[in-house]
Each structure stands twice: as C-alpha cells, then as structure tokens.
Amino acid sequence: MLDFLARLLGPDRAVSAYVFVSRFGIAILCGLGFLAVIAFLFLRPTGEPEHEAYLTLPVVSSGPLSASDQHAVMVVVQLPDGENLRLTETEGLIARSIADTACVELRRMPRSGEARYRLRQPHRCEGSQ
C-alpha cells in the first residue's frame, strides 16, 4: 500500500497518508458505514399512499392562504366521524370548485394504515356515494 501511495502522492506525502490511514482508517470506515445505514433508513421508499375512497364532505369554513395568491385556499371540512380536517390547495381548478361541499380523496399508507386526505375535483366524487 505504501508503494501505491508513493506513486499516487509522492514519497514524502505517502508516509503521512499511510500513517493517517493505518491510524484512523477503521474509524473512518465505521463512520461511513454508520452514515450509510442512517441514510438508508431515512431515504428508503415507504410506499405511496393507496386510494381508498372519494368523499363528499361539508365545508365548515374556507379562506385564502395569502392575499397575494388568489388560487391558494385553506378549507376546513367535517369528516363523517365529526372531526374537522384542515386542508390546503394551490391548484386553481380545485380551489374555485369548493363551495358548500368539497370532494376529498381518502388514501392510506400501505404499512402503517395512516389516513391521508387531499382535495380533488368535484367530478371524481359524483359516482362514489
């Protein structure tokens, strides 16, 4: 290894690099392995939410998100169990179609079963209830 480093870095720097690698090489490899495991845990795909149903829900309140963006809206809808759910939408077609009721898509995460909701265009809910 010292010969390889001498050809790559030169004879003076090769000794310093060899001592550094022999002294801290295992610690550096362990640290890189640890970072690889952490990156895998945080960046692995957890699966896309799967469609479960379209719901037509009553709108409790709605209003713009900001004065500058006319298409962004915040909507509070009431779920069938009575709980209020706050959703935001920035797509103009969906935001303009919200009146007394809103079409909401219910999606579930495959592993955890966690419910996810998002506003959809009204024609998606027409045949669902």
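Q: Is Glu105 buried or exposed here?
A: This is a predicted model, and in it Glu105 counts as buried, at 6% relative accessibility. The cut-off for buried is under 20%, so Glu105 falls in that class.

Q: Which side chain does Glu105 meet in a salt bridge?
A: Arg118 does that, at 3.7 Å from N to O. The two sit in distant parts of the chain: Glu105 belongs to strand E4 and Arg118 to strand E5, 13 residues apart.

Q: And Arg118, what's its relative accessible area?
A: Arg118 has 33%, so it is partly exposed.

Q: Then what is Arg107 in contact with, leaving aside neighbours within four places in sequence?
A: Its contacts include Pro49, Glu50, His51 and Glu52, and also Glu114, Ala115, Arg116 and Arg118.

Q: How many salt bridges are there in the whole structure?
A: A search finds four. One of them brings together the side chains of Arg108 and Glu52, at 2.7 Å from N to O. That pair links distant parts of the chain, with Arg108 in strand E4 and Glu52 in strand E1 (residues 50-64), 56 residues apart.

Q: How accessible are Arg108 and Glu52?
A: Arg108 is partly exposed at 31%, and Glu52 is partly exposed too, at 43%.

Q: Which side chain does Glu114 meet in a salt bridge?
A: Glu114 meets Arg116, at 3.7 Å from N to O. Glu114 is partly exposed at 41% relative accessibility, and Arg116 is partly exposed at 34%.

Q: Why would side chains like these pair up at all?
A: Opposite charges can pair when the charged atoms come close.

Q: OK, changing topic. In what order do the strands line up in the sheet?
A: The order is E3-E2-E1-E4-E5, an open sheet of five strands with antiparallel pairing. Strands E3 (84-89) and E5 (115-120) are at the edges with a single partner strand each, so one side of each has no neighbour in the sheet. On average, neighbouring strands are turned by 40 degrees against each other, ignoring direction.

Q: How many bridges join E2 to E3?
A: Six, and the two strands run antiparallel; E2 takes in residues 73-78. As an example, Met74 has Thr88 in E3 as its bridge partner.

Q: What else is in the chain besides strands?
A: Helices: the chain has three of them along with the five strands. Starting at the N terminus, the elements go α-α-β-β-β-α-β-β.

Q: How much of the chain is buried?
A: Buried residues make up 26% of the 129.

Conventions
Residues numbered from 1 in each chain as written. Predicted model: local features only at pLDDT ≥ 70, side-chain atom pairs only at ≥ 80, totals over all residues. Heavy atoms only, no water. Pairing = 2+ DSSP bridges. Helix = DSSP H or I, 4+ residues; strand = E, 2+ residues; numbered from the N terminus. Axes fitted to C-alpha atoms, helices over the stretch in contact; angles between N-to-C directions. Contact = heavy atoms within 4.5 Å. Buried < 20%, exposed > 50% of the residue type's maximum accessible area, 1.4 Å probe, protein only.
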